[in-house]
Amino acid sequence: MSRSAVVALLLIAFPLASAYDAYRSRDGVVDFLRHYGYLDSTADRSLITNDELRQAISLFQEYYHLPVDGTLNNVTLRYMARPRCGVTNAPNHRLGIAPLRWPGLNLTWNFQLADRTTLRTTETAFALWAANSSLTFSRDTNKPDIIIAFREGRHTMLDRRYDGAVCPNDLDGPGKVLAHATLPSGAREDVSEVHVDHREAWHVALTPNPQNSYHLLRMLVHEIGHSLGLSHTTDENSLMYAYSPAVEWPVVLGMEDVLAVRNLYGVAEGESSTAAPAEPTVVQRTTTPASTTATAASPEPPDPCTWRHVDTLLVLGKRLFVTRGRYAWSIDLGGKIVDRPFVLGDYVRFLPQTVTRLSAAYQTVKGDLVLFADGWVYMVSYPTLELRASWPRRNTDLGLPPNAVINAALNAHKGRTYVIYNDYAVLEMDECNMTARGYHMLQTVFPGIPSAVRTAYRYTDGHLYFVHRDRFFAYNKFIETVTRSGKFDLDVIGVTCPREDILRKLWDLLTRLARSSIAFD
């Protein structure tokens, strides 16, 4: 036997570092490799040959992009001993077998006996998956699809349907297996469980975690991924990577995570399935937009009670101004009453009458309004609504590309202004000279926010809100996390639908019918 072969066998039998006590014995190494899918879990330990063990070690090394030599060198041992998820890596999945998934898209969850902070963190974890797929989630304490709880050591399953059965996998204490989850079976009455090791030092709040602690949000996003049917990935930039990273904040889904969940459940209705959609081509004006006296009959303004999206939303003083199409509404934040709509062009008279909607709007730090419409940008004094000198300007004058289609614009905290365009790109504005300060990707600036948002605004509760299709995402810029998500309607902005207006419309209808009857007689 060669010297290198002897060293390999010695390393298999006697690891060097005392930090790797679990792998000092051959049985310990075999148990680890069997549990995580590198050896047949049903094989008798005593019947596993050294060649089979080398092959399993080589497979582990290949999976994690380590030097492949089939020996338990220090690098390999160090990787094995890192804190990680307890779900198998399953590198031996058979080809042609479709992964299991939930039959529906509206799933429920519950974190048993969780306090308010833990529930908020859990809601955020589910919101990240909802933001990047067609899934929706809501809490149900009675019969949830996904049950989460703190457990420790040898423990039982949570759902009553298991009838107190012992969980097949233990939680082994600080610094080892952090949590584990069960994958969906595909059955309609299925339940998935997430067990979190209570003995770990968890950082629960939506803030960066200190040293010597693990971020609960990151771990929950990972384990929920398993509950949705996702497996581990070999990409260490992915949240579905098995091992806990050195830096756990901010918590952002990687490209592989997004593609994996969309492969199972699809994208939100109407959204492109491509992660980075091609930039659309639009015809840009080359001269100052011309006004016209030609006017068409104005359609009936949309009923705010049926709103599922808006074009722009601005909080100005104690009022909320919302635009949709040609119309604008002024809403009293104190009384929460929707006033009758007015035609946008009647108040913002410098807009060409060919403009059918505002693409975006925000208020600068100095108080001016900036409006985007049909490839042009207008800076307006407030509250006089007079156009500033040297305006309007083309989108390209601000540093936007010629084919930019504006999704939204907002002034975030600390005076930073962002223009979202072409669904996924972001221009950061220098408001001193109104030119581009930098260019970013949407997921880089606002992790967890899906592409193709319809509008964005900063609300009185301090959150930034993004509306995507008919859903909203509340984003905390200070902690760089989605904190809430749901269906968008008037309740999101604290507005009560004016029922007296509905009654008035009904009365008007009855009056017209009565008059028609009299005329007929």
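Ala361 lies in strand S14, residues 360–363. The model is predicted. Ala361 counts as buried because its relative accessibility is 5%, under the 20% cut-off. Leaving out residues up to four places away in sequence, Ala361 touches Thr312, Leu314, Val370, Leu371 and Ala409.

Ala409 lies in strand S18, residues 406–411. Its relative accessibility is 1%, so Ala409 also counts as buried. Beyond neighbours within four places in sequence, Ala409 is in contact with Ala360, Ala361, Tyr362, Phe372, Tyr418, Val419 and Ala456.

An unreviewed UniProt entry places the feature "binding site" at Ala361 and Ala409. These positions are spread over 49 residues of sequence, yet they cluster in space, with a largest C-alpha distance of 6.0 Å.

## The S22–S25 sheet

Four strands form an open sheet in the order S22-S23-S24-S25, with antiparallel pairing. Strand S22 (455–458) and strand S25 (481–487) stand at the edges. Each has a single partner strand, so one side of each is left without a neighbour in the sheet. On average, neighbouring strands of this sheet are turned by 20° against each other, direction ignored.

Strand S23 (residues 464–468) and strand S24 (residues 471–476) run antiparallel and are joined by five bridges. In one of these pairings, Tyr465 has Ala474 in S24 as its bridge partner. Helix H5, residues 116–130, packs on the sheet and touches S24 and S25. The direction of H5 makes about 70° with that of S25.

## Aromatic pairs

The count of aromatic pairs comes to 25. One of them joins Tyr38 and Phe60. The pair is edge-to-face, at 5.5 Å centre to centre with 75° between the planes. It links distant parts of the chain, 22 residues apart. Tyr38 sits in the loop between helix H2 (26–35) and helix H3 (50–63), while Phe60 is in helix H3. Tyr38 and Phe60 are both buried.

Tyr38 and Phe60 also belong to one aromatic cluster. The cluster is formed by Phe32, Tyr36, Tyr38, Phe60, Tyr63, Tyr64, Tyr79, Tyr241 and Tyr243.

## Charges over rings

Tyr243, a member of that cluster, has the charged end of Arg84 over its ring. Arg84 lies 4.8 Å from the ring centre. In another such arrangement, Arg393 lies over the face of Trp391, at 4.0 Å from the ring centre.

Methods. Residues numbered from 1 in each chain as written. Predicted model: local features only at pLDDT ≥ 70, side-chain atom pairs only at ≥ 80, totals over all residues. Heavy atoms only, no water. Phe/Tyr/Trp six-rings, centres within 6.5 Å; stacked < 30°, edge-to-face > 60°. Helix = DSSP H or I, 4+ residues; strand = E, 2+ residues; numbered from the N terminus. Buried < 20%, exposed > 50% of the residue type's maximum accessible area, 1.4 Å probe, protein only. Lys NZ or Arg CZ within 6 Å of the ring centre and 35° of its normal. Pairing = 2+ DSSP bridges. Axes fitted to C-alpha atoms, helices over the stretch in contact; angles between N-to-C directions. Contact = heavy atoms within 4.5 Å. UniProt positions renumbered as here; feature names shortened; annotations may be inferred.
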